[in-house]
Amino acid sequence: AQAAISLDNARLYGEAQETIRLREEFIDIASHELRTPLTPLLLQIDIVSELAAHPDLLPPQKNVMRRLLKEAKFQIKQFSTLVESLLEISRIDLVGPMDLKRQPTDLALLIRKAIDDHGPEMKNFRCEVLLEAESDVFALCDSSRIALAFSNLLSNALKYGAGRPIHRRHRRQRTAA
């Protein structure tokens with residue numbers, strides 16, 4: 001009976017190892033395939049950026065092209081960050097906890113950047129964003145992940161806020177000593 005259990009355990013262990021190998025192979029292929037279109041797309045955007053600087057273009061045309069290019073670069077950056085996060089999350093079981101790059105981060109600066117990046121969306125949704133932020137509020141965090149969280153929150157507020165203003169108050173919490 002013990003020999004049968006040992007053989008069954010060995011078979012299950014072998015199946016588990018094969019499943020892990022297939023998962024790692026899938027992650028590697030997915031990583032490559034998801035990143036592959038980004039490089040030529042960024043090169044094409046750079047070419048269009050150069051064309052947008054052509055002296056024969058009228059200023060309104062240049063402004064529209066610049067705005068669209070800025071939005072395209074932002075979306076590519078967001079996509080790239082999401083791909084990296086997805087791949088990192090899928091590897092947690094294999095290599096242990098996620099590697100956070102903690103550093104002192106000005107949260108008001110991250111919020112302002114998210115608002116700037118979403119300027120075209122704010123126009124499309126006819127939505128005003130009001131920000132009250134103290135400038136010296138720092139956190140020890142992974143700034144790229146927090147920036148992505150702010151960006152996602154703002155994007156959702158714009159999409160589902162039905163054109164109403166978004167008001168964000170950002171201040172340091174004072175605690176009693």
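Arg-11 and Asp-8 join their side chains in a salt bridge, 2.6 Å from N to O. The term covers a side-chain nitrogen of Lys or Arg within 4 Å of a carboxyl oxygen of Asp or Glu. Keep in mind that you're looking at a predicted model, where local features need pLDDT of at least 70, side-chain atom pairs count only at pLDDT 80 or more, and totals for chains, interfaces and linings use all residues. Residues are numbered from 1 along each chain as its sequence is written, and side-chain values use heavy atoms, with hydrogens and water left out.

| Arg-11 and Asp-8 | 2.6 Å | 3 residues |

Arg-11 is partly exposed at 42%, and Asp-8 is partly exposed at 33%. Glu-15 comes out at 42%, again partly exposed. For the other pair, Arg-21 has 38% and Glu-18 has 35%, so both count as partly exposed.

The helix that carries them, H1, covers residues 2-35. Helices here are DSSP runs (H or I, at least four residues), strands are E runs of at least two, and both are numbered from the N terminus. With 34 residues at 1.5 Å a residue, H1 should span 50 Å, and its end C-alpha atoms sit 49 Å apart, which agrees. The expected span is 1.5 Å times one less than the number of residues. The buried residues of H1 are Ile-27, Ala-30 and Ser-31.

Ile-47, Val-48 and Leu-51 make a nonpolar surface patch of about 260 Å². Patches take residues with over 30% relative accessible area and no salt bridge, joining like charges within 9 Å and nonpolar side chains (Val, Leu, Ile, Met, Phe, Trp, Tyr) within 5 Å. The areas come from the Shrake-Rupley method with a 1.4 Å probe, and for residues only the protein chains shown count as cover. Leu-51 belongs to helix H2, residues 38-52, and counts as exposed at 52% relative accessibility.

Helix H7 takes in residues 143-160, which is 18 residues. From first C-alpha to last it reaches 25 Å, close to the 26 Å expected at 1.5 Å a residue. Its buried residues are Ser-143, Leu-148, Phe-150, Ser-151, Leu-154, Ser-155 and Leu-158. Look down the axis of H7 and those residues fall within an arc of 165 degrees, so they line one face of the helix. The arc is taken from the directions from the helix axis to the C-beta atoms.

Which residues are exposed on the other side of H7? They are Leu-153 and Tyr-160. Leu-153 has a relative accessibility of 57%. Its C-alpha lies 9.5 Å from that of Ala-114, although Leu-153 and Ala-114 are 39 residues apart in sequence. Just after H7, Ala-162 takes a positive phi of about 55 degrees.

**Cysteines and the overall layout**

How many disulfides does the structure hold? It holds 0, a disulfide being a pair of cysteine sulfur atoms within 2.5 Å. Cys-127 is buried at 8% relative accessibility, and Cys-141 is buried at 10%.

From the N terminus on, the elements run α-α-α-α-β-α-α-β-β-α-β. Of the 177 residues in the chain, 24% are buried.

Note on methods
Buried means under 20% relative accessible area, exposed over 50%, partly exposed in between (1.4 Å probe, protein chains only).
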